[in-house]
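User: Got a fold I'd like to talk through. Can you take me around it?

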Amino acid sequence: MPEQLWLPGLEAPPVPTDGLFFAVFPDANTASSIAKLAQQLCGETRSKSKPLVANRLHVTLLHLGNFAGGLPQAQVDAAMKAAASIRMEPFSVEFDRALSFASRPRPGPLVLGGGEGVAGLHTLHDGLTRELQNAGFGNRSVSPNAAPYTPHVTLAYGMPWIATRPVDPVSWNVRELALMHSLLGRTRHVALARWPLAGEK
């Protein structure tokens, strides 16, 4: 049998092991309420998917990339510099609908979404994007051509498609943002740093 020829550029890319993202988290009581809602919705669909536990519920503000072999320190430093530059008062958020990010017939995430009640998240997202550009963070997620931001709380993965439906509003006060290290494939998120929201001093 002839030997397998390996040509430059055809090697499989390294498997990402670490993710980096900015997020905000609900307080413990609100997270518990969201987790109960997730259980209810999963039960109604009779899906075998399990809802996320309360301490994993969050809103991603910006996904900064997935990396192989650890997080690049330069990217982490730029992200921390950007977050430290944010000047914004605490604000409230409200999510009032359940919707699907699935593409029929394939399953996908079931999430909480909102209308005017998530305006503050858009403002914070836009501010972080500007500060990341100023800090020299090179990534498609912070470019002017990035996909539109849709604030949401993921309730469960692998769920069948459902029509958007109203739910009892879930709200909390956002008082800080966090830079998170995602250990991909291990369902673990580690907070690298947190910044309290505060206006101009």
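Predicted model: local features only at pLDDT ≥ 70, side-chain atom pairs only at ≥ 80, totals over all residues.

User: Fine. How many helices and strands does the protein have?

Analyst: Three helices and eight strands.

User: In what pattern, along the sequence?

Analyst: The protein reads β-α-β-α-β-β-α-β-β-β-β.

User: Let's look at helix packing. At what angle do the axes of H2 and H3 cross?

Analyst: Roughly 130°. H2 covers residues 73–84 and H3 covers residues 119–134. Their axes come within 8 Å.

User: What does that make them, in words?

Analyst: Oblique to each other. Angles over 145 degrees would count as roughly antiparallel, and 65 to 115 as roughly perpendicular, so this pair falls under oblique.

User: Left-handed or right-handed crossing?

Analyst: H2 passes H3 in a right-handed crossing.

User: Which residues make the contact?

Analyst: From H2, Ala78, Ala79, Ala82 and Ala83. H3 brings Leu128, Glu131 and Leu132.

User: And by class?

Analyst: Six residues in the H2–H3 contact are nonpolar and one is charged. None is polar.

User: Switching topic. What share of the residues is buried?

Analyst: 40% of the 201 residues count as buried.

User: Last one. How much of the contacts comes from residues 24 or more positions apart?

Analyst: 80%, counting contacts with a separation of 6 or more.

Key. Residues numbered from 1 in each chain as written. Heavy atoms only, no water. Helix = DSSP H or I, 4+ residues; strand = E, 2+ residues; numbered from the N terminus. Buried < 20%, exposed > 50% of the residue type's maximum accessible area, 1.4 Å probe, protein only. Contact = heavy atoms within 4.5 Å. Axes fitted to C-alpha atoms, helices over the stretch in contact; angles between N-to-C directions. Parallel < 35°, antiparallel > 145°, perpendicular 65-115°, else oblique. Left-handed = near helix turned anticlockwise from the far one by under 90°. Nonpolar A, V, L, I, M, F, W, Y, C, P; charged D, E, K, R; others polar.
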